[in-house]
Amino acid sequence: MSTSWHLTHDQLHQYANHTADGVTAMSAEAHLTRCARCRSLLPADEAWLDRSWSDLRDVVDQPRRGPVERLLTAIGLRESTAKLLAATPQLYRAWLTATVLVLVMALTVAHELPRGSLLFAFTAPVVPLIGVALAYGRGVDPAHSLASVTPLAGYRLLFTRTAAVLVPALTLCTAAAFLMPSVSTLREAVFWLLPALAMVAGCLALSRWMPLSLAGGVVGAAWVLALVLFSLADGLDPSLLFTPTAQVSWATVLGLLAGAILLRVRTA
C-alpha cells in the first residue's frame with residue numbers, strides 16, 4: 001500500500017531511539033505498517049529480529065505449562081481440564097492462604113482454651129462454602145466474561161471450579177481435625193463434613209436465582225444465624241448441630257439439594 005507522505009529523518013530517528021512523544025510514536029507506528037520506504041530507512045538488527053520471532057513462536061505455539069497444570073495432568077486429568085483448573089481466579093489463591101491461617105488459629109485456640117474446640121467446629125463447615133463462593137462468577141473472576149463464552153462454560157465450568165475448591169478444602173479441614181484435642185479416629189475428625197457439603201449444595205442450588213458469591217453469603221449468614229439462635233435459646237447448645245441425629249438431618253438435606261441440582265442440570 002502506498003502513502004502520500006513519509007516520515008522525516010528526525011521523526012524516524014526519534015522513533016528508532018524511543019525518544020518520540022506518545023502521539024508521534026503511535027502515528028509513526030501506524031505509518032510504518034503501510035510504508036515499505038520508511039521501514040527500509042529504520043536500522044534493523046536481523047539477528048535480534050530472528051531471535052524475537054523465534055521466542056514469540058515458542059510462546060504462541062508451545063505455551064509453557066505451570067507446575068499445577070503439570071501435576072494435574074500427571075495424575076490423569078485431561079489436558080483441557082487441567083488447564084481449566086489451573087486458570088482459577090486470583091481470589092482462589094487468597095482464599096487458600098486465608099484457609100490455612102484460619103485453621104492454624106482455630107487449632108491454636110482449641111489447644112489453649114477449655115472450650116476452644118468449638119471455634120474449629122463452627123468454622124470448618126464454612127471454609128469450603130467460602131471457597132466455592134469465590135471460585136466462579138462475575139465480580140470474583142476477572143476472566144469470567146471471556147470464560148462464559150467458551151465451550152467449557154456453564155455447569156461444567158461451575159462444577160469443575162467447585163471440585164477444585166472442595167478437594168483442597170476438605171483435605172485441609174480433615175488434616176486439621178486430626179490435630180484437634182481428643183480426636184483420634186476418622187469418624188471423630190469428619191463431624192463437620194455433612195454440614196459443610198450441605199451448605200455447598202445449598203449455595204449451588206441458590207445460584208440458579210442469584211450470583212454464586214451472593215448465594216454463598218446467604219447460606220453463610222444462615223449458618224451464623226443458626227449458631228446465634230442455638231446459643232441464645234434455653235436448653236440448646238450449638239454443638240447439637242453435630243450430634244448423630246443432626247447428622248441424619250444434614251444428610252437428608254444434602255440428598256435433597258443434590259437431587260435438585262441434578263434435576264436442574266438435566267432440564268437445562
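Contact, as the word is used here, means heavy atoms within 4.5 Å. The model is predicted, so local features need pLDDT of at least 70 and side-chain atom pairs count only at pLDDT 80 or more, while totals for chains, interfaces and linings use all residues. Residues are numbered from 1 along each chain as its sequence is written, and side-chain values use heavy atoms, with hydrogens and water left out.

The chain has 15 helices and zero strands, where helices (H or I, at least four residues) and strands (E, at least two) are DSSP runs numbered from the N terminus. Of its 268 residues, 33% count as buried; buried means under 20% relative accessible area, exposed over 50%, and partly exposed in between, with a 1.4 Å probe and protein chains only. The chain exposes about 16,400 Å², of which carbon and sulfur atoms supply 66%, the areas coming from the Shrake-Rupley method with a 1.4 Å probe and, for residues, with only the protein chains shown counting as cover. Among contacts with a separation of 6 or more, 65% are accounted for by residues 24 or more positions apart.

An unreviewed UniProt entry places the feature "transmembrane region" at residues 91-111, 117-137, 158-183, 189-207, 214-233 and 245-265; UniProt positions are given in the numbering used here, feature names are shortened, and annotations may be inferred rather than shown by experiment. In the model, residues 214-233 are 95% helix and 0% strand, with end C-alpha atoms 28 Å apart. Residues 245-265 are 100% helix and 0% strand, and there the end C-alpha atoms are 31 Å apart.

The largest nonpolar core has 44 residues, and those with the most contacts inside it are Phe120, Val132, Trp192, Cys203, Leu204 and Trp223. Such a core is a set of buried Ala, Val, Leu, Ile, Met, Phe, Trp, Tyr and Cys residues joined through side-chain atoms within 4.5 Å. Two or more residues each come from helix 7 (90-112), helix 8 (117-123), helix 9 (126-133), helix 11 (155-178), helix 13 (193-206), helix 14 (212-232) and helix 15 (244-267). Helix 13 gives the most to this core, with eight residues. Valine 132 shows what such a position touches: leaving aside neighbours within four places in sequence, valine 132 is in contact with Thr162, Val165, Val200, Cys203, Leu204 and Leu212. Apart from this core lies another, of seven residues, among them Leu12, Tyr15, Ala28 and Cys35.

At 10% relative accessibility leucine 7 counts as buried, and, not counting residues up to four places away in sequence, it touches Leu12, Ala28, His31, Leu32 and Cys38. Leucine 7 and leucine 41 are 34 residues apart in sequence and 9.8 Å apart in space, C-alpha to C-alpha. Histidine 18, by contrast, is exposed, with a relative accessible area of 74%; histidine 18 lies in the loop between helix 1 (9-16) and helix 2 (22-32), and has a positive phi of about 60° although it is not a glycine.

Leucine 206 is found in helix 13 and, at 25% relative accessibility, counts as partly exposed. Serine 207 has its place in the loop between helix 13 and helix 14 and is buried, with a relative accessible area of 16%. With residues up to four places away in sequence not counted, serine 207 touches Leu158, Leu212, Ala215 and Arg264. The side chain of serine 207 also makes a polar contact with the side chain of arginine 264 (3.4 Å); a polar contact is a pair of N or O atoms within 3.5 Å, where within protein one must be able to donate a hydrogen and the other to accept it, and residues adjacent in sequence count only if both atoms are side-chain atoms.

Aromatic rings form a further set of links. Rings of Phe, Tyr and Trp (its six-membered ring) pair if their centres lie within 6.5 Å, planes under 30 degrees apart counting as stacked, over 60 as edge-to-face and the rest as tilted. By this rule the count comes to five aromatic pairs. Phenylalanine 122 and phenylalanine 242 form a stacked pair, 6.4 Å centre to centre with 20° between the planes. Phenylalanine 122 lies in helix 8 and phenylalanine 242 in the loop between helix 14 and helix 15, so the pair ties together parts that are 120 residues apart in sequence. Both phenylalanine 122 and phenylalanine 242 are buried, and they belong to one aromatic cluster formed by Phe120, Phe122, Phe191, Trp223, Phe242 and Trp250.
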